[in-house]
There are 4 protein chains.
Amino acid sequence: MASTKAWAVVAGVGPGTVAVLARNPSSYQDLVEDITKSGGHCIGISTDCSDSNSVKNAFSQIKAELSKTNSKLTAAIYNTGGKFVRKPFLKLTEDEFTAGYHSSTKGAFLFSQAALPLLLEATDAQHPPTLIFTGATAAIKSSPMLSTFAHVSYAKRSLSQSLAKEFGPKGVHVAHTIIDGIIDIPRTKQWKVSDFPDDKISPEAIADAYWYLHTQPRTCWTQEIDVRPYVEKW
Amino acid sequence: MASTKAWAVVAGVGPGTVAVLARNPSSYQDLVEDITKSGGHCIGISTDCSDSNSVKNAFSQIKAELSKTNSKLTAAIYNTGGKFVRKPFLKLTEDEFTAGYHSSTKGAFLFSQAALPLLLEATDAQHPPTLIFTGATAAIKSSPMLSTFAHVSYAKRSLSQSLAKEFGPKGVHVAHTIIDGIIDIPRTKQWKVSDFPDDKISPEAIADAYWYLHTQPRTCWTQEIDVRPYVEKW
Amino acid sequence: MASTKAWAVVAGVGPGTVAVLARNPSSYQDLVEDITKSGGHCIGISTDCSDSNSVKNAFSQIKAELSKTNSKLTAAIYNTGGKFVRKPFLKLTEDEFTAGYHSSTKGAFLFSQAALPLLLEATDAQHPPTLIFTGATAAIKSSPMLSTFAHVSYAKRSLSQSLAKEFGPKGVHVAHTIIDGIIDIPRTKQWKVSDFPDDKISPEAIADAYWYLHTQPRTCWTQEIDVRPYVEKW
Amino acid sequence: MASTKAWAVVAGVGPGTVAVLARNPSSYQDLVEDITKSGGHCIGISTDCSDSNSVKNAFSQIKAELSKTNSKLTAAIYNTGGKFVRKPFLKLTEDEFTAGYHSSTKGAFLFSQAALPLLLEATDAQHPPTLIFTGATAAIKSSPMLSTFAHVSYAKRSLSQSLAKEFGPKGVHVAHTIIDGIIDIPRTKQWKVSDFPDDKISPEAIADAYWYLHTQPRTCWTQEIDVRPYVEKW
């Protein structure tokens, strides 16, 4: 998931259909091909998550897909995109400080406003409709050089709680994940984390966590889950 | 699980074997019968969780079962037992205040000390060995009339964190659950929670959560998960 | 403080001098008069906290005051301004959602970047220099209809932690306050909070809290403090 | 305070009178002498905080002092005593694990039950009556080798919250402090904490914090405050 740099994955768009939203098509092309090859149906939609019109256009396409196949949207996942600068506070520019807010928090707002009306129509699905925000340890702990990342992570986590409380009783499961560790993707393959094996988070295991969250019945919903490798210090 | 009033479930005792520990045999007899009827193997062991000798005896029996079948312990679950008095603080007796500590926190200590050496031997199992503590919202929020319950819930949650940090790198997955809501069991059938359907937590869904935690690979372990019905306020 | 709608109070600007920053002069005129009458020196500076140039201009005036009197800035307080809309999530406009970020979080960033270099020059003052952010319960608890307020409150609290960790060792005391309750000011005089007397927070008591924070020696700094009336539920 | 190894300080026992409770008279003798020399009145009472009879006896003496001078109890402070073993979990004995509960948590219960009825009689004092629990970072963060200390610290913090919610509306201010760092006392004089000066917490500054908490009016009560040296990492 993270390996595709997609910032949003919209699942359940038609039987076996997945839509992947990312700014650059290069971020989702491999995934689209992989899913298509394995017999699934995957649409990539070039989207700038911080631009309300771009998000609206993406969801127009998704709605068109839904009506073509007479189906409903059952899962929407918002992954943090954005670039975060790690540097002394007094050296940050205003743009560096606020950049993450637009892609991460405002983007989460735009995405949620577009996805929730569709998810609300799917409350009779086998598994209740799910809106998941991918977060990080920076959502609960602030570091000295990472105010850029931490403040928008806190904000996004707060948004997930507000939405869970408002939309839970309406039948939409809203969850937030705290991914505490390095994800094991091609880009991080060579990174040294520790002297232990298996010290990076497997993307497949994250997918399992999201699938588990999605399949929880409404009598037993998780709002927040943390995941980390067994050797991670915290 | 809660319906059987068992305070500890020790799974993986031999192929398909489960041991259930509870003070009164009446607490586990139905469960033992149910599992046996459905083709599984379940042993009930009368145990006083707050008594170190009783816990040691229970684990001696479990070890005997393990060696009989040449197998390993792969999961141990500690459910809060104990009775908690809800009353004005100045009316609490010393025994009422401390009772829960013995059954809940000290019991969790005794259980963990007995289970961990066995779990450490099973780090090569298909799913890494798991120690789960069942907690409640009172583990993160104290109420005015429930200092009895809250203080031991905080203590047990703290214990789970210490153990996760010490035994995670050794290959044992330690997790804590926050069960926020009424569990849907015979005893609570008639309780009125809200005007909504499905407003109590399904025990099967809790079992699914525990199974999910147990099957997480060590690259992706959850330390804490909350579950609540979709209409629960929090 | 809140009664003046000032969003920033910059104390220690010269011996006994205070600068008050607010968008509308009407927000600080009364305060300036009050302080002047009682023998103090108070400067009001019309400032738009979400505009970096406006903040820079304000601090240029403050620096001019400082050099006139050959003195140092010893305390800077950032109060949340901004208006927050309480409404169902799907009815929020993008501007309504993001408005608070600009005034509250980005404003806190701009203010901190301008104030910290001056505070860093005052580490030899009798009381270590202090940067305080006024926060709310919404900084640690999200409500269903208040995602607007909560997400920026979380973000500001996160910023205060990052700054405390970076600038504490450099001699600047950074703190965050959680004001949990209604402040007793003219505008709230008629609000009914409870059946109890003294159920609103006295502004003088908040000022005492800030003064206490400011006078803490560097061996004993508080990063976060909550204050609420004795009858407040939480 | 910590330097005297006193586990409880009961202030306001008569005009200018303080009672200090500790198991060994050697823990309070110096303090009693110091206060007496400086013109105050200080009573040391040998008390085993984990023994209800001993605590009752101590408060009988305090009540006798109160009626002698026709005065009221206005402040009660519970400091953690007890010894905590830092060692691998599987090497802990049951006594080592539970020892801290008796002195720290059960002691806090016994102390609170004895102090609160007296504090409730002083709600008309100049400063509202105050009950303060001294806690540590271990009350919010569990370490791998310190489950002994952490679990009772969590429990005591939980107790302080329950009491604050129950007795706040009745006029008693209940607070909890998180002392994050080494206190600068004779015993720790030679300890190396960092390369910075002033890297240990001054006991006088802690006393100021407690005095500040005690003098807060009931419109503005703090439930929890953290204090740490400016160079402390957290």
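This passage walks through how the chains of a predicted model sit against one another, and then looks at two residues inside it.

A few ground rules come first. The model is predicted, so to speak plainly, local features need pLDDT of at least 70 and side-chain atom pairs count only at pLDDT 80 or more, while totals for chains, interfaces and linings use all residues. Residues are numbered from 1 along each chain as its sequence is written, chains are lettered from A and ligands numbered from 1 in the order in which they are written, and side-chain values use heavy atoms, with hydrogens and water left out.

The size of an interface is often given as the accessible area lost when the parts come together. For chain D and chain C the buried area is about 2800 Å², with carbon and sulfur atoms giving 60% of it (buried area is the accessible area, taken with a 1.4 Å probe, that two parts lose on being put together, summed over both). The rule finds 2 salt bridges across this interface, a salt bridge being a side-chain nitrogen of Lys or Arg within 4 Å of a carboxyl oxygen of Asp or Glu. Arg218(D) forms a salt bridge with Asp198(C), and their closest N and O atoms are 2.8 Å apart. There are also 16 residue pairs in polar contact between chain D and chain C, both residues at pLDDT 80 or more. Here a polar contact is a pair of N or O atoms within 3.5 Å; within protein, one must be able to donate a hydrogen and the other to accept it, and residues adjacent in sequence count only if both atoms are side-chain atoms.

Helices (H or I, at least four residues) and strands (E, at least two) are DSSP runs, numbered from the N terminus.

Chains A and C come next. Chain A can also be laid on chain C by a turn of 180 degrees and a shift of 0.0 Å along the axis, with an RMSD of 0.0 Å. Once again the same surface serves both copies, as 100% of the contact residues of chain A recur in chain C. The contact takes 40 residues from each of chain A and chain C. Between them, these chains bury about 3300 Å², 65% of it on carbon and sulfur atoms.

Across the interface of chain A and chain C the rule finds 2 salt bridges. Lys106(A) and Glu94(C) meet through their side chains in a salt bridge, at 3.4 Å from N to O. Helix H3 (94-120) and helix H4 (147-167) of chain A are the elements that give two or more residues to the side touching chain C. The largest share of that side, 14 residues, comes from H4(A). By class, the side has 20 nonpolar, 13 polar and 7 charged residues.

Some pairs stay apart. Chain B and chain C do not touch, their nearest C-alpha atoms being 9 Å apart. Chain A and chain D do not touch either, and their nearest C-alpha atoms are 9 Å apart.

Thr98(C) lies in helix H3 (residues 94-120) of chain C. Thr98(C) counts as buried because its relative accessibility is 7%; buried means under 20% relative accessible area, exposed over 50%, and partly exposed in between (1.4 Å probe, protein chains only). Leaving aside neighbours within four places in sequence, Thr98(C) is in contact with Tyr101(A) and Lys106(A). Phe59(B), in helix H2 (residues 52-68) of chain B, counts as buried at 2% relative accessibility. Its contacts, not counting residues up to four places away in sequence, are Val10(B), Leu21(B), Leu73(B), Phe111(B), Ala114(B), Ala115(B) and Leu118(B). The C-alpha atoms of Phe59(B) and Ala114(B) are separated by 6.6 Å, though the two residues are 55 residues apart along the chain.

How values were computed. Contact = heavy atoms within 4.5 Å. Least-squares fit on C-alpha atoms with pLDDT ≥ 70 in both. Nonpolar A, V, L, I, M, F, W, Y, C, P; charged D, E, K, R; others polar.
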